[in-house]
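I jotted down each thing I looked up, in the order I got to it.

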Amino acid sequence: MIDMAVFKQFQEAIRHLGEMAQPEVLVDEQRLARAKAVMHDKTDRALALDLESCVNCGYCSEACHFYQSTQDPKYTPTRKLDLLRRVHMRETSAFAPLRRLYTKDITVDELREWQELVYDSCTECGRCSMACPMGINIARGVNVMREALSQAGLVPLELMAVAQEQAGRGTVFGVGPKELAGCVQALRTQGITIPLDEAQADVLLVTTVIDVLLFQDALAATARILNHLGVKWTLRSAGFEAANFGLLSGNEALQKAASQRLVDEALAIGARTLILPECGHAYPALRWEGRLADGSPLPFEVLAASEFVGREIQAGRLQLQPGDGSAKLTYHDACKLARHGGVIDEPRAALHALGADFRESTPTAELNWCCGGGAGAFLINRAAPLRHKAWEIKREQIEATGADTVVLSCASCRLNFMEAAEIDQWPTRIASLVELVAEQLPSRP
């Protein structure tokens with residue numbers, strides 16, 4: 001059961017996040033030079049091809065929840081790469097000397113203007129890239145723009161504050177090893193076995209500040225599932241935080257450092273699998289970007305919680321007590337899991353095993369609409385009205401299924417759903433996939 005008082009406290013903390021940021025003092029020339037240096041460094045062959053391939057067909061706009069909910073052309077996805085495109089055309093393209101004659105250089109004022117376009121109005125959901133007939137990876141270009149703005153000191157203050165906390169103190173929203181230990185003790189008093197700081201384990205489970213503070217039931221559910229399966233697992237105090245604000249803010253050094261803490265702990269205990277919590281952006285941060293210090297691939301498997309549970313059900317190792325079919329469920333595919341990671345069949349295997357009346361939304365799976373809160377957007381206060389307009393597309397999609405419950409596998413999505421439901425007085429139940437699975441574990445004989 002979610003403590004709504006804690007949810008209100010979390011919302012209030014977000015409202016004051018920007019006050020905690022400590023922006024670096026830079027003159028405009030420094031900001032511009034730093035941003036352009038990142039653009040140069042990141043423009044490899046693949047990105048250069050993307051920047052030169054756009055034919056301005058507009059298909060990406062049809063796929064963007066921010067454009068579709070506002071019909072404002074400034075939110076056209078490919079436009080968000082215009083500054084990156086101009087720097088490439090002027091300075092690194094094959095015909096750069098010629099293009100400099102008629103292509104204006106970018107300015108610091110434009111960098112400030114683009115902050116809204118690559119943070120507030122882009123969740124890097126990747127739907128535009130799927131719609132692009134040229135196969136342009138717009139989400140990657142937006143990520144490069146975030147890295148450029150981060151180096152220029154132009155990250156939204158809310159994301160800057162949390163990134164600075166994670167980089168400087170190793171905590172997120174004040175949650176560190178002490179708070180984790182308190183959460184573990186609270187769950188143990190409920191009779192749930194929670195291994196902490198075991199020296200060896202086959203599975204390293206990591207969690208997030210959101211689960212420690214707000215969604216403790218999701219952490220408890222994952223623990224119950226692992227215990228039911230007889231898995232040798234543990235949490236580790238020195239590396240448990242899956243939220244990666246380096247990835248969200250564009251701070252590449254922090255992104256790598258935050259991931260490295262988890263990698264080091266997995267290596268220390270000899271883990272064969274690292275299970276991520278219900279957290280969308282944690283998945284690409286470690287599954288696709290995680291590497292050993294020498295750059296080689298990780299020697300253990302990284303799985304999202306929903307992916308792990310679905311696999312165990314598909315393999316027959318996890319069997320549930322099916323319901324009576326009266327519950328009408330639909331599923332919201334988190335963009336980073338489904339569209340970027342291909343985690344589509346596994347959550348559905350779990351949903352079908354619940355024995356409920358499962359109803360797919362339209363469109364579904366990798367074409368599912370983003371909820372509007374990903375990639376850190378749910379923390380940016382000024383983006384709230386725009387975020388809610390994008391959410392309305394998601395709400396209509398879910399309502400069309402006739403389901404009474406929408407199941408999620410991402411805590412960021414869950415926060416955004418809860419905030420929007422509160423504003424709209426939306427009656428649809430919002431549920432966690434791992435929590436529903438844990439509720440239907442068979443009793444031990």
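This is a predicted model: local features need pLDDT of at least 70, side-chain atom pairs count only at pLDDT 80 or more; totals for chains, interfaces and linings use all residues.

Is the crossing of α12 and α14 left-handed or right-handed? I found it to be right-handed; the rule calls a crossing left-handed if the near helix is turned anticlockwise from the far one by less than a right angle, and right-handed if clockwise. Residues are numbered from 1 along each chain as its sequence is written, and side-chain values use heavy atoms, with hydrogens and water left out.

**Entry: the helix pair**

I looked up the geometry of helix α12 (residues 177–188) and helix α14 (residues 216–229), which pack at about 65 degrees with their axes 11 Å apart. Those axes are lines fitted to C-alpha atoms, for helices over the stretch in contact, and angles run from 0 to 180 degrees between N-to-C directions. Helices (H or I, at least four residues) and strands (E, at least two) are DSSP runs, numbered from the N terminus. On the α12 side I noted Cys 183, Ala 186 and Leu 187, which meet Gln 216, Leu 219 and Ala 220 of α14; contact means heavy atoms within 4.5 Å. The residues of this contact divide into 5 nonpolar, 1 polar and no charged. Here Ala, Val, Leu, Ile, Met, Phe, Trp, Tyr, Cys and Pro count as nonpolar, Asp, Glu, Lys and Arg as charged, and the others, Gly among them, as polar.

**Entry: aromatic rings**

Next I checked rings of Phe, Tyr and Trp (its six-membered ring), which pair if their centres lie within 6.5 Å; planes under 30 degrees apart count as stacked, over 60 as edge-to-face and the rest as tilted. The count comes to 5 aromatic pairs. Trp 391 and Trp 426 are edge-to-face, because their ring centres are 5.0 Å apart and their planes stand at 85 degrees. Trp 391 lies in helix α21 (residues 384–399) and Trp 426 in the loop between α22 (411–424) and β8 (429–432), so the pair ties together parts that are 35 residues apart in sequence. I logged Phe 417 with Trp 426 as tilted, since the centres are 6.4 Å apart and the planes are at 50 degrees. Trp 391, Phe 417 and Trp 426 form one aromatic cluster. Phe 417 is buried at 0% relative accessibility, and Trp 426 is buried at 9%; buried means under 20% relative accessible area, exposed over 50%, partly exposed in between (1.4 Å probe, protein chains only).

**Entry: charges over rings**

I found the charged end of Arg 127 over the ring of Trp 369, 3.8 Å from its centre. Arg 414 has its charged end over the ring of Phe 215, 4.0 Å from the centre. The test is NZ of Lys or CZ of Arg within 6 Å of the ring centre and within 35 degrees of the ring normal.

**Entry: an enclosed helix**

How many of the 10 residues of helix α18 (residues 305–314) are buried? I got 8, so α18 is largely enclosed by the rest of the structure. Among the buried ones are Glu 307, Phe 308 and Glu 312. Just after α18, Gly 316 takes a positive phi of about 85 degrees.

A cis peptide bond joins Thr 362 and Pro 363, with omega about -5 degrees. Pro 363 is in the loop between β6 (357–358) and α21. Ala 365 is in the loop between β6 and α21, and has a positive phi of about 55 degrees although it is not a glycine.
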